[in-house]
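Please walk through this model one site at a time.

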Amino acid sequence: MSDDYLSRIGKLIRDARQHRGWTQLQLAEALNTSQSAVNRIERGNQNISLEMIARIGEALDSEIVSLGYSGPMHLRVVGGRRLSGSIDVKPSKNACVALLCASLLNSGRTVLRRVARIEEVFRLLEVLSSIGVRVRWINDGDDLEIVPPAELALDDIDADAARRTRSIIMFLGPLLHRVDQFKLPYAGGCDLGTRTVEPHMTALRRFGLEIAATDGTYHAQVDRSVTPERPIVLTERGDTVTENALLAAARHPGVTVIRNASSNYMVQDLCFFLEQLGVRVEGVGTTTLTVHGLAEIDRDVDYSPSEDPVEAMSLIAAAVVTSSALTIRRAPVEFLEVELAVLEGMGLDYDLTPEYAADNGRTRLADVTVRPSKLEAPIDKIHPMPFPGLNIDNVPFFAAIAASAHGQTLIHDWVYDNRAIYLTDLNRIGGRLQLLDPHRVLVEGPTRWRAAEMMCPPALRPAVVILLAMMAAEGTSVLRNVYVINRGYQDLAERLNSVGAQIEIFRDI
C-alpha cells in the first residue's frame, strides 16, 4: 500500500475518531492495541490491513472502507445550482422502524407498504431475520412482508446489526410478552451524547421487566406477576419511550393508561397500526393514551406508514438555502405547522395546497411550494418542543436556514448533549456559527458559502445540513463517509439530482 494511500486512510480514520469524540487511547482500547499504534496509523506511518480498517470502521461506526456491498461512501457536490420542479416526501423513517418492532406483537402476517429502504431499516431486518422472522420485499421491492416464527431464536441475534441501530431498544416492549428471559445488545445509532434508558425502564418495570446491563448487553428478566395497576407516568415525553410503553401495553390484557406520552408523528402511526391489530387506543394525538390490550394477537394486516415530516423539512431547507422554487409534495403538514409559521415570520414566500389524507387514512398531507425569499433572523430563539411544538429533529435545518437569513439567530438544542456542536461544521464551508455551550449556537447571516472537503458528522440531521450547505456553495465540495445519511434517507442524492442538484456518489477504495 503506497504512502499516499496510507496518509489518506490515516486522515479518514483520524477524522472519524474526532467526530466520534474519542481520543486515540479510547480507539486503541477498542482495538486492543496501543495509543502509539493508533498515532502511527493516523499519520500514515504504519501499514494497515483491510481487516484492521474494517475493525476500525466498526469501532467508530463509520464506513472507512466498503467491500462487497453497494451503497454510497462519499458524495461529490457541485454547488451553486438552483432547484426546480417537484419532489415527493418518502414514508417516515421513524414510523417504519417502530412498525418493524411492532410486528413482533403479531403472530400473523404483517405487510407494510412503501417502507423506506434505508440503512436503519436494513439493520433491523438483519436483526429480525437472525432471530427467525421471515422478512421479504414484495411488489417489486416497494412493500415488506413480515411473518414471525412460533418461537424466536433470540440466542442467534445479529449483535453487530443490533448495535448499529438505536431502534433495537424498542424490542423490549414486544419481547417481554414472548419470553421470560432474553438478552439484547446495547443500542447504537447516531452519536448524540449520553441518552439513558432509564425512562424506558420506568415504564416497562410496570409490566414486570427488569434489566441488568453488563458487557455491552442488556440482560432482561420478566416477572409475570407484575402488572400496571395505576396509570404509567412517563418521566420523559420521548418518542421511543412512548412507543415502548405502547408496545408493552398492546399485549397486556386489560386497560393501560400512559400519561405524559409523546403525540409525535411516529407515535400516531404506531397507534394507527395497533388499531389494525385489534388493539383499541384512545387519546391518539394527546399526551394521555388509554390502551385496551390483547393477550394474543394473530391477524393478517396491511398498513401504510405516513410520510416523513423531517424529510419534508429537509427538502424545504434545501429550497431555502439554494434560493430555489421547489414544490415538496405529500408533506405531513400537521407536523410542520410550527416550522412553517416560524419560516413565514422570517419572510419565507410559500404556498400550501388544500389538505388531503395520507394512505393510512388519518394523517393530513399537503403540497408545499417554496419560492426564493429574503429572510430575516427570527426575533425569538429557535428551540424544540414536544409535538405540537417545533420538532426536535427539525432544529438542525434551521442552522442552515438562519445562515441564509439577515441577522443573528440563537438555536437552542436542549435535548441532545452534543448535536449542536456538529452544527459548527458549517463554519468549514463559510458559515459564521458561534458555539455558546454544548446546547446553544449563535448563527450570523447571510452566508457566502464556499466549497470544502470534509468528513460527514456522525449525527443524521447535522450531516444532511452540511450536504444542503454544500449544494448552495459555488464550486465542488466532497462529503466523506455518508453512511449516517443513508440511515435515514432513501436515495437522497439521486432524488435531489432529479430537481436540479449535481451530486455524484463515489468511493476512494
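How many aromatic pairs does a search of the whole structure find? The search finds three. This is a predicted model, where local features need pLDDT of at least 70, side-chain atom pairs count only at pLDDT 80 or more, and totals for chains, interfaces and linings use all residues. Residues are numbered from 1 along each chain as its sequence is written, and side-chain values use heavy atoms, with hydrogens and water left out.

Start with the rings. A pair of aromatic rings is described by the distance of the centres and the angle of the planes. Here, rings of Phe, Tyr and Trp (its six-membered ring) pair if their centres lie within 6.5 Å; planes under 30 degrees apart count as stacked, over 60 as edge-to-face and the rest as tilted. Y265 and F335 have ring centres 6.0 Å apart and planes at 65 degrees, so this pair is edge-to-face. The pair links distant parts of the chain, 70 residues apart. Y265 belongs to helix 11 (residues 265-276), while F335 lies in the loop between strand 14 (326-331) and helix 13 (337-346). Helices (H or I, at least four residues) and strands (E, at least two) are DSSP runs, numbered from the N terminus.

F335 also pairs with F387. Their ring centres are 4.8 Å apart and their planes stand at 45 degrees, so the pair is tilted. This pair, too, links distant parts of the chain, 52 residues apart. F387 sits in the loop between strand 17 (364-371) and helix 14 (397-403).

Buried means under 20% relative accessible area, exposed over 50%, and partly exposed in between (1.4 Å probe, protein chains only). F335 is buried as well, at 5%. F387 is also buried.

Next come charges over rings. A charge sits over a ring if NZ of Lys or CZ of Arg is within 6 Å of the ring centre and within 35 degrees of the ring normal. The charged end of R76 sits over the ring of F506, 4.0 Å from its centre. R117 lies over the face of W137, at 4.1 Å from the ring centre.

Now look at helix packing. Helix 2 (residues 24-31) and helix 4 (residues 50-60) pack at an angle of about 115 degrees, with axes 10 Å apart. Axes are lines fitted to C-alpha atoms, for helices over the stretch in contact, and angles run from 0 to 180 degrees between N-to-C directions. The crossing of helix 2 and helix 4 is right-handed. A crossing is left-handed if the near helix is turned anticlockwise from the far one by less than a right angle, and right-handed if clockwise. Helix 2 brings L27, A30 and L31 to the contact. Helix 4 brings M52, R55, I56, A59 and L60. Contact means heavy atoms within 4.5 Å.

Two single residues follow. S304 lies in the loop between strand 13 (301-303) and helix 12 (309-321). S304 is buried at 14% relative accessibility. Not counting residues up to four places away in sequence, S304 touches R113, D269, D359 and N360. H200 is in helix 9 (residues 198-204) and is buried, at 6%. H200 and V241 are 41 residues apart in sequence, yet 5.2 Å apart in space, C-alpha to C-alpha.

Finish with the backbone. Most residues other than glycine have a negative phi, and most peptide bonds are trans. A cis peptide bond joins F387 and P388, with omega about 15 degrees. P388 lies in the loop between strand 17 and helix 14. The bond from G445 to P446 is cis too, with omega near 0 degrees. P446 is in the loop between strand 20 (440-445) and strand 21 (453-455).

Which residues show a positive phi? N32 has one of about 55 degrees, although it is not a glycine. N32 lies in the loop between helix 2 and helix 3 (35-42) and is exposed at 71% relative accessibility. D140 has a phi near 60 degrees. D140 is in the loop between strand 4 (134-138) and strand 5 (143-147) and is exposed, at 81%.
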